[in-house]
Amino acid sequence: VVSQSIVTPERLQSTAALKQTMDGYYQRLLEASQTGRQRVAWCTSVGPAELLYSLGFAVYFPENHAAILGASKTADRYIPRAVAAGYSAEVCSYLTSDVGALLCDETPLSARGFRGVPRPDVLVYNTNQCHEVQDWFELYGRRFGAPVLGVHTPLGLEEVDEATVEYVAGQLRGLVQPLERVARRGFDPEAFAQAVGRSREASVLWRRVLETARSRPAPLTFFDASVHMGPIVVMRGTQPAIDYYAGLLAELEGRVSAGVAAVPGELRRVYWDGMPIWFKLSALSRFFAERRTSVVASTYCNSWVFDPLDPARPFESSARAYCELFIARSERFKLGALQKMAADFAVDGVLFHDARTCARNSNGRFALPGRLREVTGLPTLEIQGDMNDARCYSEEQSKMAIETFLDQLGAR
Amino acid sequence: MLRVGLDLGSSYTKGVLVDAEGGIVDAFVRRTGYDYREAAREILERLSVGRRVDAPVFTCGYGREQVDGPIEPCTEIVALTRAVHALYPRAVDVLDIGGQDMKFIRLTAAGAIDSFRLNPKCAAGTGSFVEEAALRLGVDVAAFDALARAAEEPVRIGSYCTVFAVSEMLGALKNGAPLAGVVLGIYESVVDRATSLAALQGDLVLTGGLVAHHPRLVDLFRRRVPRVDAPARSQLLAAYGCALPRAVDASPRDRDA
């Protein structure tokens, strides 16, 4: 029987430092967009941030913006505007909510002093996560008259071989000249190598942060990580990300040695595959905590772990790191990766969130849950939802399914 | 000892009074309407006439928390699982078709949930779909079963959306298709939808209000899946399951031991 006593998740002390770190990022971005002293580049969340930072750009991530629209529950107001403008309600709800906000001339960044999203001088995407980012960036490129540059990554990779790395590294090198023109400065190989080194350092810290949840009880949940991942997404390649994760890691290691649980009285451990449901993040965090269940690991938060980065070979290692992304891989690779995660984090079950408008991050669509059940013997659950479009999520049905699932795990 | 089990569903609220041996003493069903508490109150009152019933009330279904007084809630899947295992103490598949949900549950021989799956967020193929079709066709839904039995051929309905599916039916009728064939087509589309929830291996137990009110569906399932059974009063099963005394509902671990 599921415990119904009220248990709330433990708040991390680092949350204050997180706010400061993110404030600093937005402050730099605001200055760049207001003074023009720094050029502004838009970048996809797993795009070549290191290259852009090394060229002196202030880097803005529309996906981060879209996630804020989701988490602040404003996406529902904006999606219909984009749909009315001709975008299908079936395409990425990050795209439709972001474009809808643009059409409404609104942004949550206005609370930070922005008059609209920062105007891009260049937009750079990588299709390693999906192809919709290309269309998304093209729209803004047209609107702002800014050049749009892209890296096209082969998908469904079983192994990332040298030919693939060469192909993508060649594209990264190809970005240098056009970016130099926009940046109005020359490419500095040393600065790039340093940015890649800093990115690697932050990424390793981030991985170690996530790995603290291997401990029982876990000091961190997927819901915490979804909030604390901000710096690894937007400040990869810069010092503040390193500083932030060094502090967060110290706090979590302290929790581990003191036996402090993110979910007091942790009874069960679950793995979350797929996108966060941003508009229900805190509600779901409480829902699991009340049922003494720690969602200890996720595919999503682990997508910003880039161990292969190597300042000695910045282009090749970036290419490899960004090709090794989970969602760019084959079904067989994914099965092995999930199997390893389930074992490493000692989970009792795996939840697959099918995000209606994000096929690439919905890993249950090719029967992977069934194959994972076969190889691990772990129960799996599929729930239907979306990262931003609340119309795709039935809260009652999902809660009922999750509660049943937890009951199923408890009976094992 | 008399325990009350309440299944507060999206369309109907079902109440069952169960004795210590797990027998159904009395049962009552009403439309849920908009007020779960009121639906629960009325059923509790009816079941309590001339008897003393035990607290807490065992609840499941969407409105399981919306009941006054002491309650012990569980999900309808857990409740249904207990009831089905009490009736079929072996490994079975369960398909439950309710007002807006369709659930597939695979049970182990010990009565534990091996896996389960719900319909995607869409009510096509559920009770609401059949009711909507009856409403728009202007036919009493109670007449559907007899109509389906009289049909020679089903009119195939392809639309994924309930509203478009009904438009498709109206189009077929306009082109001279017999009403009976359209109703059989509605039933076939329910079976299509349900059998795509999981690869059914046979030894299938059909539960829920739709099958209870449309027994012809059971025959249609039998044409596609070996060994199909539909227990009597299957609409009451979840309510029954949540009220089952623990002696009847031994936990899987106890059984294995």
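**Figure 1. Residue classes in the lining of the second largest pocket of this predicted model.** Sorted by class, the lining of the second largest pocket holds 16 nonpolar, 13 polar and eleven charged residues. This lining is made up of 40 residues, and those that lie nearest the centre of the pocket are Pro120(B), Lys121(B), Cys122(B), Tyr160(B) and Arg193(B). The space in the second largest pocket comes to about 950 Å³.

**Figure 2. Helices and strands around the second largest pocket.** At least two lining residues each are supplied by strand 7 (349-355), strand 8 (380-385) and helix 16 (395-410) of chain A, and likewise by strand 8 (113-118), helix 5 (162-174) and helix 6 (179-195) of chain B. Strand 8 of chain A gives the largest share of the lining, four residues.

**Figure 3. The largest cavity, with a volume of about 60 Å³.** Among the residues that line the largest cavity are Leu210(A), Phe222(A), Val296(A), Cys301(A) and Phe345(A). By class, its lining divides into nine nonpolar and three polar residues, with no charged residue. Helix 9 (222-228) and strand 6 (293-298) of chain A each contribute at least two residues to this lining, and the largest share, three residues, comes from strand 6 of chain A.

**Figure 4. The second largest cavity, with a volume of about 40 Å³.** The second largest cavity is lined by Pro48(A), Glu50(A), Leu51(A), Leu172(A), Phe192(A), Ser318(A) and Tyr322(A). Two or more of these lining residues come from each of helix 2 (49-54) and helix 13 (314-323) of chain A. In terms of class, five residues of the lining are nonpolar, one is polar and one is charged.

Terms used
Residues are numbered from 1 along each chain as its sequence is written. Chains are lettered from A and ligands numbered from 1 in the order in which they are written. This is a predicted model: local features need pLDDT of at least 70, side-chain atom pairs count only at pLDDT 80 or more; totals for chains, interfaces and linings use all residues. Side-chain values use heavy atoms; hydrogens and water are left out. On a 1 Å grid over the protein atoms alone, a cavity is a set of points where a 1.4 Å probe fits but cannot get out, and a pocket is an open set with protein on both sides within 12 Å along at least five of seven lines; lining residues have an atom within 4 Å of a point. Grid points are joined across faces, edges and corners, and a volume is the space filled by probe spheres set on the points. Ala, Val, Leu, Ile, Met, Phe, Trp, Tyr, Cys and Pro count as nonpolar, Asp, Glu, Lys and Arg as charged, and the others, Gly among them, as polar.
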